[in-house]
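Hi,

Here is the structure I said I would pass on. Have a look at it first, and my notes on what turned up follow below.

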Amino acid sequence: MTNKTSTAGKTILCIGAGYVGGPTMAMIAAKCPEHRVIVVDIDEKRIKAWLSDELPIYEPGLLELVRTCRNRNLFFSTDIAAGIRDADIIFVSVNTPTKTFGIGAGRAADLQYWEKTARQILDHAGSDKIVVEKSTLPVRTAEAMERILYSRKGTVRFDVLSNPEFLAEGTAVRDLEKPDRILVGGRETEDGRAAAKTLADIYAHWVPREKILTTNVWSSELSKLAANAFLAQRISSINSLSALCEATEADVSEISRAVGMDSRIGPKFLNASVGFGGSCFKKDILNLVYLCEHYGLKEVAEYWQAVLKINDYQGQRFVTNMVAQLFNTVAGKRIALFGFAFKADTGDTRESPAIHVARKLIAERAEVVISDPKALENAKRDLADLSGQVVFEPDPYAAAAGAHAIAVLTEWPQFRELDYGRIYRGMVQPAFVFDGRNLLDARALHKIGFNVHPIGRTPLSHL
Ligand SMILES: NC(=O)c1ccc[n+]([C@@H]2O[C@H](COP(=O)([O-])OP(=O)(O)OC[C@H]3O[C@@H](n4cnc5c(N)ncnc54)[C@H](O)[C@@H]3O)[C@@H](O)[C@H]2O)c1
């Protein structure tokens, strides 16, 4: 046995330097100066960026956090083999996107990066390792990992744990510093319990013990899918009601407030919007649906699938309404999209509803101009096939100049602070605001002269 279950300083490796791997390891390194933390990735450019002050992802407070421990006990590298060799604990935080081919295409998780990692660990591990699933995975993936790791005769021992990450982009540093809970799933054997304790001890450097839950591996894996499904379900629930509000002159913000004050329900995640995005919700629900179908649970699968159906419906409804209000044609009309990130305080655009809105408007031959404080580079990549048909403009005033309409698609607080009188004067009249986040003061905009179309509320129109 190595010292992997003792309390001595350990070498911790994280495979995958993305939105989860980078920030999570920076927090562990900052809070556990006695451990050496190495983050590796196959993507050289990403590693270079982690070594610079232009980090590959934007998160408030992340650069400051990284600077406190980089080159002290936090290191970034592309040498995966050496990382594996030296590590006591290996976090695997690679991407697990939805499969785009073959069996389960469009629904199941694509586990090719995951499996490759398992094989790399097997190839290079010369001593006992604790292997931690940090990525979000289908329930019972740890079993597959164990099978690969034990597929060769050898003396190296692997303990596979599940430790899903619950951070939210935009608040990653805060979430990592003060998590609602840490979940550690391990085998119910002596070795499994010892490995789970080793991992729990790391988090206990800064997380109160009562917030560190240990469960069996399968519960831990499924809890992550369940948490994301519940969160997305709340958004789809309020969004479904926003459509009813628009039909009945009820106000969805008032509904959210009244419903959210019920202590059994709570106020969070009840804001109606153009829909949820991000790399996780859709993929994790698809994964859940696929699992349910795999186990013959058709009704359960249909129940969760409906959460995605409402999300698509909400995005479509938003664009259909824009076109209808703009006199049934947007062809040749300049339309400014305020925000492209899937939420505020991130540059991440994966599955952003803005992608769908932009594409639909371009299909209607609108002249789309996109403004976002952090996401323009990703937006350019997302719409690369439409180059020449869309303009990227960091300055929202310039984006709105000469536009017929503004669509607010990300709740960046800075959009609230703009001088809408100035913006209005530069737009084609009648000027419209479609507020896909209910971010702006609709009455104030209406007073300026805008025709304002929020989500789930009566529009304020001059027409
Ligand atoms: N983004 C989030 O907010 C979030 C939150 C919780 C959980 N998760 C889960 O965490 C996992 C990672 O998500 P992410 O957003 O950090 O993904 P990401 O795409 O930002 O990062 C994954 C990284 O893994 C690297 N990688 C892939 N295969 C590799 C290999 N064989 N060796 C070394 N590096 C490899 C990729 O180059 C990439 O940099 C996913 O399962 C996701 O569902 C994400």
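The lining of the second largest pocket splits into twelve nonpolar, three polar and five charged residues. That makes 20 lining residues, and the ones nearest the centre of the pocket are Leu111, Pro138, Val139, Thr141 and Tyr290. The space in there comes to about 550 Å³. Keep in mind that this is a predicted model, so every value here is computed from predicted coordinates.

Which helices supply at least two residues each to that lining? They are α5 (112–124), α6 (141–149) and α11 (281–294). The largest share belongs to α6, with five residues.

One of those helices, α5, also turns up in a strand crossover: β4, α5 and β5 form a right-handed β-α-β unit. Strand β4 (residues 89–92) runs parallel to β5 (residues 129–133), with four bridges between the two, and Ile90 sits opposite Val131 of β5. β4 also pairs with β1 (residues 11–15), again in the parallel sense and over four bridges. There, Ile15 has Val92 of β4 as its bridge partner. Both faces of β4 are covered: Ile89 and Phe91 are buried on one side, and Ile90 and Val92 are buried on the other.

Now the aromatics. The count is twelve aromatic pairs. Take Phe269 and Phe281: the ring centres are 6.4 Å apart and the planes meet at 55°, so this pair is tilted. Phe269 is in the loop between α10 (252–260) and α11, while Phe281 is in helix α11, so the pair ties together parts that are twelve residues apart in sequence. Buried or exposed, what about Phe281? Phe281 is buried, at 13% relative accessible area, whereas Phe269 is partly exposed, at 37%.

Tyr424 and Phe450 make another pair, with ring centres 5.0 Å apart and planes at 70°, so this one is edge-to-face. Tyr424 belongs to helix α16 (residues 420–425) and Phe450 to the loop between α17 (442–448) and β14 (451–453), so the contact ties together parts 26 residues apart in sequence. Tyr424 and Phe450 are both buried. There is also an aromatic cluster made of Phe230, Tyr303 and Trp304.

Last, some backbone geometry to look at. Most residues other than glycine have a negative phi, and most peptide bonds are trans.

- The peptide bond joining Gln429 and Pro430 is cis, with omega at about -5°. Pro430 is in the loop between α16 and β13 (432–435).
- Arg365 is not a glycine, yet its phi is positive, at about 70°. Its place is the loop between α13 (353–363) and β10 (367–371), and Arg365 is exposed, with a relative accessible area of 66%.
- Asn438, also a residue other than glycine, has a positive phi near 45°. Asn438 lies in the loop between β13 and α17. Why does Asn438 count as buried? Its relative accessibility is 16%, and buried means under 20%.

Cheers

Note on methods. Residues numbered from 1 in each chain as written. Predicted model: local features only at pLDDT ≥ 70, side-chain atom pairs only at ≥ 80, totals over all residues. Heavy atoms only, no water. 1 Å grid on protein atoms, 1.4 Å probe; cavity = no way out; pocket = protein on both sides within 12 Å on 5 of 7 lines; lining within 4 Å. Points joined across faces, edges and corners; volume = space filled by probe spheres on them. Nonpolar A, V, L, I, M, F, W, Y, C, P; charged D, E, K, R; others polar. Buried < 20%, exposed > 50% of the residue type's maximum accessible area, 1.4 Å probe, protein only. Pairing = 2+ DSSP bridges. Right-handed = clockwise from strand over helix to strand, strands pointing away. Phe/Tyr/Trp six-rings, centres within 6.5 Å; stacked < 30°, edge-to-face > 60°.
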